[in-house]
Amino acid sequence: MQVDPAAGKILGMLMAYAVSSLGLLLAYYNYRKRILKADRIFSPVATAVIIGVITVAVIGAVLTAAVASSDADGLWPAVTSNIVGLALPAFILLVSVVLTWALFRHFSRRMPGAGPSD
């Protein structure tokens, strides 16, 4: 499979924006929790929007990658022919998110007077 160099640059830019967005989201969370001592960080609508945007972005990226990297015709044959190539990165992403969140929760409890309240 040949990939246009422009597609690689676009993918790199999208990844940089995604990481930057996550950093800003964590900074906002930290600001609301530690500086403002807010009980509720995100409203239910904001939480739903964040979860929705992340879900749509991840599903769209996975399905686009499956179709682009497969010779099969159609979406379902492309996904089933790349099941290991889709499941393994998803598992790695899930483990990294869970470990990062667990470490954040663990070390934020050790700070005097600024631990999570839930």
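This is a predicted model: local features need pLDDT of at least 70, side-chain atom pairs count only at pLDDT 80 or more; totals for chains, interfaces and linings use all residues.
**Overall make-up**

The protein has 118 residues, and 13% of them count as buried. Its secondary structure consists of four helices and zero strands. Read from the N terminus, the order of elements is α-α-α-α. Among contacts with a separation of 6 or more, 33% are between residues 24 or more positions apart. The accessible surface is about 9200 Å², and carbon and sulfur atoms account for 74% of that area.

**Helix H1 and what follows it**

Helix H1 covers residues 5–35. With its 31 residues, H1 reaches 44 Å from the first C-alpha to the last, which is close to the 45 Å expected at 1.5 Å a residue. Tyr29, Lys33 and Arg34 are buried in H1. The cover over the buried residues of this helix includes H4. Just after H1, Lys37 has a positive phi of about 55°.

**The aromatic pair**

How many aromatic pairs does the model contain? The count comes to one aromatic pair. Tyr28 and Phe42 form this pair, with 5.7 Å from centre to centre and 35° between the planes. The pair is classed as tilted, because an angle under 30 degrees would count as stacked and one over 60 as edge-to-face. Tyr28 lies in H1, while Phe42 is in the loop between H1 and helix H2 (44–68), so the pair ties together parts that are 14 residues apart in sequence. Phe42, at 24% relative accessibility, is partly exposed.

**A nonpolar patch on the surface**

Ile83, Val84, Leu88, Phe91, Ile92, Val95 and Leu99 make a nonpolar surface patch of about 690 Å². One of these residues, Val84, is placed in helix H4, which runs over residues 83–109. Val84 has a relative accessible area of 60% and is exposed; it falls in this class because the cut-off for exposed is over 50%. In an α-helix there are 3.6 residues a turn, so residues three or four places apart point the same way.

| Residue | Relative accessible area | Class |
|---|---|---|
| Phe42 | 24% | partly exposed |
| Val84 | 60% | exposed |

Conventions. Residues are numbered from 1 along each chain as its sequence is written. Side-chain values use heavy atoms; hydrogens and water are left out. Patches are made of residues with over 30% relative accessible area and no salt bridge: like charges are joined within 9 Å, nonpolar side chains (Val, Leu, Ile, Met, Phe, Trp, Tyr) within 5 Å. Accessible areas come from the Shrake-Rupley method with a 1.4 Å probe; for residues, only the protein chains shown count as cover. A salt bridge is a side-chain nitrogen of Lys or Arg within 4 Å of a carboxyl oxygen of Asp or Glu. Helices (H or I, at least four residues) and strands (E, at least two) are DSSP runs, numbered from the N terminus. Buried means under 20% relative accessible area, exposed over 50%, partly exposed in between (1.4 Å probe, protein chains only). Rings of Phe, Tyr and Trp (its six-membered ring) pair if their centres lie within 6.5 Å; planes under 30 degrees apart count as stacked, over 60 as edge-to-face and the rest as tilted. The expected span of a helix is 1.5 Å times one less than its number of residues. Contact means heavy atoms within 4.5 Å.
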